[in-house]
Amino acid sequence: MLIPLPLPLPVSTHNNPLSPRNSPLLCYVTDRRALRIANPADSLAALTQKIEEVVAAGIDWVQIREKDLPAKEVVSLTRQALRIAAKYSAKRSSPVRVVVNDRLDIAIAERADGAHLGEKSLPIAEAKRLVDSAFRKEVVRESFLIGASCHSLEAAKRAERDGADYIFFGPIFATPSKAAYGEPQGLGCLAQVCSANSVPVLGIGGITPENATACCNAGAAGIAAISMFQDARSLNGVLATIRQAFNSSQ
């Protein structure tokens with residue numbers, strides 16, 4: 001059952017959030033359990049601070065991915081992330097976007113920029129139907145994204161056919177956080193998925209500043225990562241390195 005809609009938050013009027021870009025799309029995926037803090041009880045406050053640090057440094061998207069959190073806390077975290085995004089979007093040429101992993105109800109209720117679905121989540125077609133029903137003719141519907149995580153070429157094709165606006169594909173490289181999804185797919189598989197799909201594909205899994213450009217050269221619209229952004233000593237340097245390498249390869 002969908003959470004009742006609160007009073008409207010400020011909504012971006014950008015109606016084409018996936019329009020062609022001249023730089024890679026960089027998405028920070030949250031993981032409060034991996035934060036290096038002394039007291040786990042402070043993890044939510046620390047994560048909120050980390051989201052602000054990442055957004056201030058120039059990240060494009062934030063995906064709220066805290067699967068074990070109660071709904072009430074995911075709502076609070078999403079709301080804070082959206083306010084941070086709005087604060088920094090006012091200073092940028094394109095808005096910072098916040099998407100919520102799996103919890104379509106919270107993404108709709110908080111007027112987030114989209115929902116990201118896993119292979120065991122609500123089917124994409126059903127998610128889009130619920131979004132259409134919730135927003136009807138509101139402007140926000142035009143920019144609300146439905147994304148999908150895929151781990152094979154067949155899954156990626158199916159996700160696009162079902163109406164996904166973008167795809168996360170991986171793991172591209174070896175990484176502990178994605179070990180459950182099998183062996184690394186590699187750049188060759190990423191290139192196949194990007195070639196076979198018309199929607200933007202972001203590479204994920206084991207991404208580093210050194211291999212991020214290779215993902216984009218394989219056809220990816222950008223990359224998504226947890227530790228590369230969350231653990232960086234100089235996040236500004238990481239983002240600059242990726243973007244400069246991307247521009248040099250064009």
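Contact here means heavy atoms within 4.5 Å. This is a predicted model, in which local features need pLDDT of at least 70, side-chain atom pairs count only at pLDDT 80 or more, and totals for chains, interfaces and linings use all residues. Residues are numbered from 1 along each chain as its sequence is written, and side-chain values use heavy atoms, with hydrogens and water left out. Helices (H or I, at least four residues) and strands (E, at least two) are DSSP runs numbered from the N terminus.

- Strand β8 spans residues 222-225 and is covered on both faces. Gly 222 and Ala 224 lie on one side, Ile 223 and Ala 225 on the other, and all are buried. Buried means under 20% relative accessible area, exposed over 50%, and partly exposed in between (1.4 Å probe, protein chains only).
- Strand β1 (residues 25-29) pairs with β8 in the parallel sense over 4 bridges; two strands pair if DSSP finds at least two bridges between them. In β8, Gly 222 stands opposite Leu 25.
- Strand β7 (residues 201-204) also pairs with β8 in the parallel sense, over 3 bridges. Here Ile 204 stands opposite Ala 224 of β8.
- A right-handed β-α-β unit is made by β7, helix α8 (residues 212-217) and β8. Right-handed means that, with the strands pointing away from the viewer, the path from the first strand over the helix to the second runs clockwise.

**Helix α7**

- In helix α7 (residues 186-196) the buried residues are Gly 186, Leu 190, Val 193 and Cys 194. They are on the same side of α7 because they cover an arc of only 115° around the axis, the arc being that of the directions from the helix axis to the C-beta atoms.
- An α-helix has 3.6 residues a turn, so residues three or four places apart point the same way.
- Gly 188 and Ser 195 are exposed, on the face of α7 turned away from its buried side.
- The buried residues of α7 pack against α6 (153-162), β6 (166-169), β7 and α8.

**Two single residues**

- Ser 43 belongs to helix α1 (residues 43-57). Ser 43 is buried, at a relative accessible area of 11%. Not counting residues up to four places away in sequence, Ser 43 touches Arg 32, Leu 35 and Ile 37.
- Ile 226 sits in the loop between β8 and α9 (227-230). Ile 226 counts as buried because its relative accessibility is 14%.
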